[in-house]
Amino acid sequence: MASRSQSVNTPVAVVPRHVAIVMDGNGRWAKKRHLPRVAGHKQGVDALRRTVRACLERNVQVLTVFAFSSENWNRPQEEVSGLMELLVLALSREVPKLNKNGVRLHFPGDSTGLSPRLLQGLEKAQQTTAANDRMVLNVCFNYGGRWDIAQAARKLVEQGREVTEAALCETTALAHVGDPDLLIRTGGEMRISNFLLWQCAYTELFFTSCLWPDFDAGELDRAFADFAGRERRFGQTSEQVTQAPPAAVGRTHA
Ligand code: IPE
Ligand code: IPE
Ligand code: MG
């Protein structure tokens with residue numbers, strides 16, 4: 001457990017096991033350059049490629065990114081279809097490289113409303129990378145935290161199981177990886193925007209005004225250095241956690 005006295009400028013001592021990112025600010029990045037919003041999303045794919053590489057180099061085990069929210073359907077039709085097209089394109093371009101680098105892909109989210117072509121692409125990418133074990137990359141697409149909790153509760157009821165915390169932990173969309181240790185949000189907004197509501201109960205939060213297309217390894221290291229200086233108490237006292245590591249809340253990590 002990192003001590004509180006570590007400053008933000010100390011070298012990264014504690015790398016979070018599971019990093020989640022709300023990749024926000026693509027539209028503003030494009031607007032500043034008088035470009036269409038979709039140009040910002042295209043740059044966002046490059047930023048994600050850089051971030052995956054940086055996470056692999058730092059031995060992050062799980063990276064979970066928010067690519068399209070349940071509420072993003074409310075954007076102009078042109079932007080929504082642009083984002084769908086971009087995902088199809090990114091899958092065909094990136095999956096071979098990700099596979100070579102030992103990345104296992106998952107796409108947590110609601111499949112309803114997605115085109116058969118996109119669903120096929122997601123399924124194929126998941127199957128192709130299923131045996132990889134260097135890092136898990138969860139690309140949350142058509143995902144909402146409220147959708148996730150509701151779908152999990154519905155499944156449990158259908159199975160005749162009791163809706164308990166442990167059962168929900170097993171049934172929500174990130175059950176295969178456990179809860180994030182660090183959530184980064186770019187773009188300057190300080191809100192969750194319906195991302196991992198269930199899973200972020202004890203996640204450390206890091207907000208940066210850096211727009212997502214400008215995000216790089218340096219910004220990631222700033223977030224990690226800040227994380228290394230946090231004291232995670234999980235409801236206990238400071239004295240307790242400095243004597244023995246606190247028990248993780250909700251579920252234990254694999
Ligand atoms: C995040 O960037 C990407 C998606 C939500 C798909 P935005 O498109 O929200 O960018 P801003 O917030 O308008 O700058
Ligand atoms: C959150 O960003 C969703 C993704 C990054 C995919 P938004 O831009 O949709 O969030 P709000 O609308 O500003 O809360
Ligand atoms: Mg936004």
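Is E189 buried, partly exposed or exposed? With a relative accessible area of 24%, E189 is partly exposed (buried is under 20%, exposed over 50%, partly exposed in between, with a 1.4 Å probe and protein chains only).

This is a predicted model, in which local features need pLDDT of at least 70, side-chain atom pairs count only at pLDDT 80 or more, and totals for chains, interfaces and linings use all residues. Residues are numbered from 1 along each chain as its sequence is written, and side-chain values use heavy atoms, without hydrogens and water.

**View 1. The salt bridge of E189 and R28.** The two side chains meet at 3.5 Å, N to O (a salt bridge is a side-chain nitrogen of Lys or Arg within 4 Å of a carboxyl oxygen of Asp or Glu). E189 lies in the loop between β5 (182-185) and β6, and R28 in helix α1 (residues 26-32), so the pair ties together parts 161 residues apart in sequence. Helices (H or I, at least four residues) and strands (E, at least two) are DSSP runs, numbered from the N terminus. R28 is partly exposed at 33% relative accessibility.

**View 2. The salt bridge of E79 and R37.** Their side chains meet at 2.7 Å, N to O. E79 is in helix α3 (residues 77-100) and R37 in helix α2 (residues 37-57), 42 residues apart. E79 is buried at 7% relative accessible area, while R37 is partly exposed at 38%.

**View 3. The salt bridge of K97 and E94.** This pair meets at 3.4 Å, N to O. K97 and E94 are 3 residues apart in helix α3, about one helical turn.

Key: Chains lettered and ligands numbered in written order.
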